[in-house]
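Here is a short briefing to read alongside the model. Have a look at the chain first, and then we can go through its surface, its fold and one residue in particular.

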Amino acid sequence: CPKCETDPATHTAVKKAPRVVLKEINAQMVSMLRDGVKHGAAQRAAVDLKRTNLAGIAGATTERKDAWFIGFAGDMLCVAWIGFDAQERSLGPREYGSTAALMMWAYFMAHATRHLF
């Protein structure tokens, strides 16, 4: 059917999700997320993982009570979060998404994607 594609692993038809973002906007977003890894605070992940297809963004809340990194490699997406959900306290003066959360993300992605590349 025109709305299906074949799953290469099982050779069965799989329905595709409807497109909700224009291709041009999607391409621009992916480019910006890749630049964050290529030229931004997440450069260490690309170096550590020896990958060129990484994309992602780091963030933290005010006073660094929560920090995260969300990123993808190929079709694998992962979010790493660190924080104190039971207490209102800071992670520390130098803890941001591009430090603590990024390192957790990179560690997981190194193991989760090793068979993909």
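This is a predicted model: local features need pLDDT of at least 70, side-chain atom pairs count only at pLDDT 80 or more; totals for chains, interfaces and linings use all residues.

- Of the chain's 117 residues, 26% count as buried.

**Fold and overall shape**
- The protein chain has 3 helices and 5 strands.
- Read from the N terminus, these elements follow the order β-β-α-α-β-β-β-α.
- With a radius of gyration of 17 Å, against the 13 Å that the globule rule gives for 117 residues, the chain is well over that value and so more spread out than a compact globule.
- The C-alpha trace spans about 55 × 30 × 30 Å along its principal axes.
- Taking contacts between residues at least 6 apart in sequence, 46% join residues at least 24 apart.

**A closer look at Thr113**
- Thr113 sits in the segment that follows helix H3 (97-112).
- Is Thr113 buried or exposed? Its relative accessible area is 2%, and because buried means under 20%, Thr113 counts as buried.
- A polar atom of the Thr113 side chain lies 2.5 Å from the backbone oxygen of Met109.
- Leaving aside neighbours within four places in sequence, Thr113 is in contact with Arg51, Ala73 and Met76.

Note on methods:
Residues are numbered from 1 along each chain as its sequence is written. Side-chain values use heavy atoms; hydrogens and water are left out. Helices (H or I, at least four residues) and strands (E, at least two) are DSSP runs, numbered from the N terminus. The radius of gyration is taken over C-alpha atoms; the globule rule is 2.2 Å times the number of residues to the power 0.38. Buried means under 20% relative accessible area, exposed over 50%, partly exposed in between (1.4 Å probe, protein chains only). Contact means heavy atoms within 4.5 Å. A polar contact is a pair of N or O atoms within 3.5 Å; within protein, one must be able to donate a hydrogen and the other to accept it, and residues adjacent in sequence count only if both atoms are side-chain atoms.
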